[in-house]
Structures are given as C-alpha cells and as structure tokens.
Amino acid sequence: MSVFVAEHPQIYVEFEEVDIAAQMRKGHPQIPEGDAYITKLVKQHCQRLGRPVRVFDVGSGSGYFASKLVTRIPEIELIVNEDEPHVISKLQRRLGNTSAKIFDRPFIEWKEPVDIILSWGAHHHLPKNYLAHAKQVLRKDGVLILGDEFCPDYCDATHAARISSAEQIYIANGYILTNTAEVEAYQKEKYIPPIAHDLERRRQQALWIWYRYVVDYAMERNCLAVVIDELRATHDDLITNFGDEHKMSSLIAEQEFKLCGFQQLSKKSLGPVDAPQYQSFFVYELGI
Ligand SMILES: C[S@@+](CC[C@H](N)C(=O)[O-])C[C@H]1O[C@@H](n2cnc3c(N)ncnc32)[C@H](O)[C@@H]1O
C-alpha cells in the first residue's frame, strides 16, 4: 500500500531516515482512526475469549502499530510477521525490547493456531492464498480483523451484481474476471471482456479523486514525505497491471472473503459518512 511503508526511500535521500509509518499517522487520512478502532476490537475479543490470547499480525511492516498494540494490551501474546529483510531489521529495532515475537518468514510458513489474526494495511500486498492460510491457522472461535485501504467504491448496480455473483475472483493483468469461461478465454487468447475494461476505467477515475484528496491532506499538514510517497502510489496504482499497488473496491474483497469461507461479522468505514468518494479505509471482523 501506499501507506505505512516508503517503498523506494533510497530515491528520496532527504527522507531516508524519516519514520514514514509515524508520518502516515499525522499526514494520511483514516489511518489513526484505524489504529484506534482495531485496538478496541482486539480488546473486545480478548474479553470475549476470556483466556490467554495469541494475536498474529501479518505484514507488520516496521511495527509501528504492533508496538502501540502490545503497549496498550500487554497481556496478549503478540507475534509480528514480516518477510522483507530491510523491513525486518526495522521491526527488530522497534520491537526488540517488548514481549512481541518476530516471525520473519512468509506468512504461509506459520503453522501454529492463533486466536486473532490482524491484517492492517497488508491485505492488498499479501499473496492471494493468504486468506485460505489465515482460515487454516485461526482457531474456530477466533477472528480475522482485516483493515485496509481500498479504492472508494466505483461499482454501479451491474458491476456490483457481477461481483457478488462471481464464482471466482481472478485478476488477469489487473482486470477482474469472475467465472471459468472468462478465465479460459483469457488464458487462451488474452481476451478481456468489455465489462472488465469498464470496471477498470471506473477504478482509475475513483482512485484519482481519492489520491488527490490524500495528497492535499498531507500537503495541508506539511507532511512532505507522505506527499511524495502518495504521488508514487498514485502513479503505480493507476497502472492496471501494477501488482503491488492495486487497490480495488471493497465489494471485491468481500466476495473473496465469502468464496474463502469467511463469515463477515462486521464492516466499519473509517471515512466521512457523507462523502463516499473518500470512503477508502474499511475494517472487517471475519469469522469461520
Ligand atoms: C503496508 S505494510 C503493512 C503495515 C503495517 N501493518 C502497519 O500497521 O504499519 C504490508 C507489509 O506486508 C509485508 N508482506 C508482504 N507479503 C508478506 C508475506 N507473504 N508474509 C509476511 N509479510 C508480507 C510487506 O513486506 C509489507 O511490509
């Protein structure tokens, strides 16, 4: 995601030592609200479970949020997970003298049961199979708390119906395919149906409105590192087949949860209620 981690800090020498995760909490809309809301959910689930709780934070980045979480709820057993070597070293520095344990391998290699899985800002960076793996390691009464930056919604009724009846969500070079026939046509002839082209054009338009707002917000707060990182993210995300920065409608994620066998227990928007074009961050509670 654009947020939380500067992906090319070496280019912006001036910002090399900037703690971008901390800057994002000052200069990026909806992230501090997400931190507070997710912390509240973790507390509630600890009370509900009424036993020692193991929390697994997948894609912890440099651990900004995780370090606050373990300070606020010291009774949890917190495992922070990151697989990027240069990020792991930051994670070690930040969490080295806390009770949190670091799992420095890809999430798929974690095999122990957990009570709460956190995926905060990581969903659209993680490999497609991570949801299925989360389901495998989550205890039956556990919960996946998933918060992410999505593209504010851009589906009209036709697109929404296509997504919510999708047999599968297959991303073909950035275009969304929804059934076997579409996937076979793509695999044979690289064919992308017009409806998928239309959906992608809508995504790009909605993204532009969102990123303009994010960059203005950061500029008004004099957070230049955030501005620069978000301009890079805007560039990357407007490119249809740019894998790592591909934010989509939350409706697509919801269909993925359903297809994977998760039950959506709640959905919370962190954006302004009266401005759907700026409703990007959502937090879900998902059960099995
Ligand atoms: C945008 S960051 C999330 C930030 C963090 N959760 C926070 O609150 O500040 C997403 C992270 O997921 C990590 N990641 C991607 N694939 C992963 C995997 N398979 N296993 C573990 N971490 C992964 C990336 O290296 C990246 O640092």
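Student: By class, which residues does the lining of the largest cavity have?

Tutor: Bear in mind that this is a predicted model, where local features need pLDDT of at least 70, side-chain atom pairs count only at pLDDT 80 or more, and totals for chains, interfaces and linings use all residues. Residues are numbered from 1 along each chain as its sequence is written, and side-chain values use heavy atoms, with hydrogens and water left out. On a 1 Å grid over the protein atoms alone, a cavity is a set of points where a 1.4 Å probe fits but cannot get out, and lining residues have an atom within 4 Å of a point. Take Ala, Val, Leu, Ile, Met, Phe, Trp, Tyr, Cys and Pro as nonpolar, Asp, Glu, Lys and Arg as charged, and the others, Gly among them, as polar, and the lining has seven nonpolar, two polar and two charged residues.

Student: How much space lies in that largest cavity?

Tutor: With a threshold of 30 Å³ or more, the count comes to one cavity. Grid points are joined across faces, edges and corners, and a volume is the space filled by probe spheres set on the points. On that basis, the space in the largest cavity is about 40 Å³.

Student: Which element gives the most to the lining of the largest cavity?

Tutor: The lining residues are Y154, G174, Y175, I176, A196, L199, E200, R203, H246, M248 and I252. Using helices (H or I, at least four residues) and strands (E, at least two) as DSSP runs numbered from the N terminus, two or more residues come from each of strand 7 (175-177) and helix 8 (194-220). With four residues, the top contributor is helix 8.

Student: What separation do you get between the centres of the two domains?

Tutor: The bounds come from an automatic or database domain assignment, which gives domain 1 (13-153 + 246-287) and domain 2 (157-245). Contact means heavy atoms within 4.5 Å, and 29 residues of domain 1 are in contact with 37 residues of domain 2. The largest cavity takes at least three lining residues from each domain. Taken over C-alpha atoms, the centres are separated by 21 Å.

Student: Which element gives the most to the lining of the second largest pocket?

Tutor: By class, that lining divides into 14 nonpolar, ten polar and six charged residues. At least two residues come from each of helix 5, strand 5 (138-149), strand 6 (170-172) and helix 10 (250-260). The most, five residues, come from helix 10.

Student: Is H123 buried or exposed?

Tutor: H123 sits in the loop between strand 4 (114-120) and helix 5 (130-137). Leaving out residues up to four places away in sequence, it touches Y130, L131, L146, D148, F150, A253, E256 and F257. Buried means under 20% relative accessible area, exposed over 50%, and partly exposed in between (1.4 Å probe, protein chains only). H123 has 11%, so it is buried.

Student: Which residue's side chain does a polar contact of 2.8 Å join to that of H123?

Tutor: A polar contact is a pair of N or O atoms within 3.5 Å; within protein, one must be able to donate a hydrogen and the other to accept it, and residues adjacent in sequence count only if both atoms are side-chain atoms. At 2.8 Å, the side chain of H123 is joined to that of Y130.

Student: Is I163 buried or exposed?

Tutor: I163 belongs to helix 6 (residues 157-164). Setting aside neighbours within four places in sequence, it is in contact with I176, T178, L199, L251, I252 and Q255. Its relative accessibility is 1%, so I163 counts as buried.

Student: What value does phi have at N173?

Tutor: N173 is in the loop between strand 6 and strand 7, and its 44% relative accessibility makes it partly exposed. Its phi is positive in a residue other than glycine, near 55 degrees.

Technical notes: 1 Å grid on protein atoms, 1.4 Å probe; cavity = no way out; pocket = protein on both sides within 12 Å on 5 of 7 lines; lining within 4 Å.
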